[in-house]
Amino acid sequence: MEAALQSIRSKTHASPAVGVVLGSGLGAFADELSGAVSIPYSDIPEWPVSTAIGHAGKLVLGNTAGVEVAVLAGRAHLYEGYSPAQAAFGVRVLGRLGVRTIVFTNAAGGINLDYSQGALVLISDHINLQGSNPLLGPNDDTLGTRFPDMSDAYSAECRAIALQTGNEIGIPLAEGVYAAMIGPSFETPAEIRYLRIIGADLVGMSTVPEVIAANHMGIRCLAISCVTNMAAGILPQKINHEEVLETGARVRDTLVRLLNAILPRLPR
Ligand code: HPA
């Protein structure tokens, strides 16, 4: 990680306290930052370069609503063949740059029947079904403790701020539990029924390794899922990635508005 940090610090002296991680089709936020320095992941030593369609793949440091932010536009997923530690690499870099709070966004399938396509849902907790963990192996004590607590993995304080902000600006937010699958195949209808029984409201293929690594470093996490589709077997239709990207694009402006309203209010 030292080589990555050195390379970033040679290009900017920014000291962001808040990070943002943008998911599939949700990259627009990064393009609207002021005074931005944009660094393609491919220019940063050691950085796992994402191959997913809809992921631009750059670190952007800039300002929005008076807040200095570091944005990861594009992430590495386990389904691309990356290890959980690689998936968490960018978040760890943000932590080392001084970020104390991270807002994650992702695309997710809606399991809870109260949700509809396009809904924005705060993740209140997760169920890790990816069969792995970014903290496997020897613990790096400089980052955090061997057995980090996960009982407030999605900061209750940050969620309360997000809910209040959403109410004030007319963007209703639900809350729900996110089940993380490894992908890349979408779930079967039987898997979705199983996930509903065990308490999941949303299903997706990202975010959880990043949130575990962030909690390890004592970084507060807020995560917002865009329900890009209802999960498998709920509607009489197939799920495809184009639909995921289309819905992401449709709610893009709403999400950007929400992020800009929430960011200045978050603890840092
Ligand atoms: N399942 C898993 N991941 C997803 C989905 C889904 O239905 N939609 C967007 N990401």
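This report walks through a predicted model, from its ligand site to its helices, salt bridges and surface.

## The ligand and its shell

Let's start with the ligand. Which residues surround it? The shell consists of Ala107, Ala108, Gly109, Phe186, Glu187, Val203, Gly204, Met205, Thr228, Asn229 and Val244. Sorted by class, that shell holds 6 nonpolar, 4 polar and 1 charged residues. Three strands, β5 (101-110), β8 (202-204) and β9 (220-230), each contribute at least two residues to the shell. Strand β5 gives the largest share, with 3 residues.

A polar side-chain atom of asparagine 229 sits 2.6 Å from a nitrogen atom of the ligand. Polar backbone atoms also take part: one of glycine 109 is 3.3 Å from a ligand nitrogen, and one of alanine 107 is 3.4 Å from a ligand nitrogen. How much of the ligand does the protein bury? Taken alone, the ligand exposes 260 Å², and the protein buries 95% of that.

Next comes helix α7, which spans residues 208-216. Is this helix enclosed or open? It is largely enclosed by the rest of the structure, because 9 of its 9 residues are buried. The buried residues are Val208, Pro209, Glu210, Val211, Ile212, Ala213, Ala214, Asn215 and His216. After α7 comes glycine 218, which has a positive phi, near 75°.

The side chain of threonine 207 makes a polar contact of 2.8 Å with the side chain of asparagine 106.

## Salt bridges

Side chains of opposite charge can pair when their charged atoms come close. How many salt bridges does the model contain? The count comes to 5, and three of them are described here.

Glutamate 210 pairs with arginine 75, with the closest N and O atoms 2.8 Å apart. This pair links distant parts of the chain, since glutamate 210 belongs to helix α7 and arginine 75 to the loop between β4 (67-73) and α3 (84-87), 135 residues apart. Are the two partners buried or exposed? Glutamate 210 counts as buried because its relative accessibility is 3%, and arginine 75 is buried too, at 4%.

Another bridge joins the side chains of arginine 96 and glutamate 2, at 3.0 Å from N to O. Arginine 96 is in helix α4 (residues 89-96) and glutamate 2 is in helix α1 (residues 2-9), so this pair ties together parts that are 94 residues apart in sequence. Arginine 96 is partly exposed, with 31% relative accessibility.

Aspartate 31 and lysine 58 form a further salt bridge, at 3.3 Å from N to O. Here the partners are helix α2 (residues 28-31), which holds aspartate 31, and strand β3 (residues 58-64), which holds lysine 58, so the pair ties together parts that are 27 residues apart in sequence. Why does aspartate 31 count as exposed? Its relative accessibility is 56%, and exposed means over 50%. Lysine 58, at 21%, counts as partly exposed.

## A surface patch and a buried helix end

Let's finish with two further spots. Leu129, Tyr194, Ile197 and Ile198 make up a nonpolar patch on the surface, and their accessible area together is about 390 Å². One member, tyrosine 194, belongs to helix α6 (residues 189-197). Tyrosine 194 is partly exposed, with a relative accessible area of 44%.

Isoleucine 262 gives another picture. This residue is part of helix α8 (residues 241-262). Is isoleucine 262 buried or exposed? It is buried, because its relative accessible area is 1%. The C-alpha atoms of isoleucine 262 and arginine 159 are 10.0 Å apart, while 103 residues separate the two along the chain.

Definitions and conventions. Residues are numbered from 1 along each chain as its sequence is written. This is a predicted model: local features need pLDDT of at least 70, side-chain atom pairs count only at pLDDT 80 or more; totals for chains, interfaces and linings use all residues. Side-chain values use heavy atoms; hydrogens and water are left out. A residue is near a molecule or strand if one of its heavy atoms lies within 4 Å of it. A polar contact is a pair of N or O atoms within 3.5 Å; within protein, one must be able to donate a hydrogen and the other to accept it, and residues adjacent in sequence count only if both atoms are side-chain atoms. Accessible areas come from the Shrake-Rupley method with a 1.4 Å probe; for residues, only the protein chains shown count as cover. Helices (H or I, at least four residues) and strands (E, at least two) are DSSP runs, numbered from the N terminus. Ala, Val, Leu, Ile, Met, Phe, Trp, Tyr, Cys and Pro count as nonpolar, Asp, Glu, Lys and Arg as charged, and the others, Gly among them, as polar. Patches are made of residues with over 30% relative accessible area and no salt bridge: like charges are joined within 9 Å, nonpolar side chains (Val, Leu, Ile, Met, Phe, Trp, Tyr) within 5 Å. A salt bridge is a side-chain nitrogen of Lys or Arg within 4 Å of a carboxyl oxygen of Asp or Glu. Buried means under 20% relative accessible area, exposed over 50%, partly exposed in between (1.4 Å probe, protein chains only).
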